[in-house]
Amino acid sequence: MALKIAVQMDPIERINIRGDSTFAMLLEAQQRGHAIAYYTPDRLALSGARVFTTVQPLKVRDEPGDHFTLGEPRRVELAEFDVVLLRQDPPFDLAYITSTHLLERVHPRTLVVNDPAQVRNAPEKMFVMEFPDLMPPTLVTRDLAEIKAFRAEHGDIVMKPLYGKGGEAVFRLAPQDLNFGSLYDLFAVTFREPWVVQKFLPQVRDGDKRIILVDGEFAGAVNRVPAADDLRSNMVRGGAPKATDLTPREREICKRLAPSLRARGLLFVGIDVIGDYLTEINVTSPTGIRSVKALGGPDIAAMIWDRVEAKRAAR
Ligand SMILES: Nc1ncnc2c1ncn2[C@@H]1O[C@H](COP(=O)(O)OP(=O)(O)O)[C@@H](O)[C@H]1O
Ligand SMILES: [Mg+2]
C-alpha cells in the first residue's frame, strides 16, 4: 500500500542527517514506496475551513552533503494526504500551537502523527506531571516562596525552563549556593511562564536514558552520558550516546505510560529517565532513533511505519 505522505518540518537543508530521526523516517518511507511531499510550517494556510500548503516532492539519500532533492512546488489541500508527519522542532511557542490548530482541521481523516491536539495538550515537562509517583520531586511555579520551601525540603535542586529544550538554561543549585536569589531574578525576567524546580538526581553522572515508545510499546533506548564538565546529557551539549537496556523499573514506567499514550494517539514518543526517575515525555518531535540503530539496536523507523500503515489500512 503506497501512501501519500506530507512531512511538516524545519528546512531540510539544515539538518544533520547522521542524528536526525525525521530523516531516518523519511528514508524508510521512501524505501517502502510511499510518496513524500515536503513543506515547512510557514507554508500552511487556513482558508475558511480548508487547510492549504505548498509542497515539493522530496527524494532523500543517506549521503551527507547531498541528502535530498526537491521537485516543483505545488499548492495543495492538506486533506489530500493519507498521512502528515508533524516533525516541526520546538520551540513550543504560539507559532507551534497555531500549527497544531491548523493540523487539527484535517486529523484524523488525514492521519497526523502525532495527533496535533494531543501534541498541544502534552508539553514534555507538563504531561509528565500526570505521573508524579514515577518522577523525582518536582515543582512547576514562578513563586519565590514556593521555590524557597521546596529548596529547604530537598536541598540540592535543578531549575530549568518549562518550555526549554536541548538543555537550555538548566542549572543545578547546591544547598548553600548563594547564587539562588540572582538566578531566581534572572529566570523571573527571562521567562513569562512558570518554570521547573526539581530535586537534583546525582545518578545523572551515569546518564539520562532516552526510551522510545511506538504506539505505547517499548521500541528501543539509548543512554546519554554527560561530558565530565557539564550537568546536561543532551547530545547537542556533548552528551555521549551509549548502548543500553531497560531496568525493571524502566519497564514498569513504559507499562504505566502505555494506556495514556495510546488513548492520546501519541504514536512516536521519547521519554527521558535519570536514575530510574521519569523526567520528560517528549511528543513534539522526538529524536534518538538513529542513535539506537547506530548502537546496534532495532530499526525504530520501520516500527513506526508498520504502525502507521496498519492504522491507515484499518480505516
Ligand atoms: N533533576 C535533575 N537531576 C540531574 N540532572 C538533571 C535534572 N534535570 C535535568 N538534568 C540534566 O539536564 C539535562 C537537560 O534537562 P531536561 O529536563 O532533559 O531538559 P531539556 O528539555 O532541555 O532536555 C538532562 O539531560 C540532565 O543531564
Ligand atoms: Mg531532555
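Is Asp299 buried, partly exposed or exposed? Asp299 is partly exposed, because its relative accessible area is 28%. The classes are buried under 20% relative accessible area, exposed over 50%, and partly exposed in between, with a 1.4 Å probe and protein chains only.

Ground rules. This is a predicted model: local features need pLDDT of at least 70, side-chain atom pairs count only at pLDDT 80 or more, and totals for chains, interfaces and linings use all residues. Residues are numbered from 1 along each chain as its sequence is written, and side-chain values use heavy atoms, without hydrogens and water.

Back to Asp299. Its side chain meets that of Lys293 in a salt bridge, 3.4 Å from N to O. By salt bridge I mean a side-chain nitrogen of Lys or Arg within 4 Å of a carboxyl oxygen of Asp or Glu. Lys293 is partly exposed too, at 48% relative accessibility. Elsewhere, Glu28, Arg32, Asp306 and Glu309 are joined into one network by salt bridges that share partners.

The whole structure has 24 salt bridges. Take Arg210 and Asp272, at 2.7 Å, N to O. Arg210 sits in strand β13 (208-214) and Asp272 in strand β16 (268-274), so the pair ties together parts 62 residues apart in sequence. Strands here are DSSP runs of E, at least two residues, numbered from the N terminus. Both Arg210 and Asp272 are buried.

Last pair: Asp230 and Arg232, closest N and O atoms 2.9 Å apart. Asp230 counts as buried at 18%. Arg232, at 21%, counts as partly exposed.

Overall, buried residues make up 52% of the 315.

Definitions and conventions
Chains lettered and ligands numbered in written order. Helix = DSSP H or I, 4+ residues; strand = E, 2+ residues; numbered from the N terminus.
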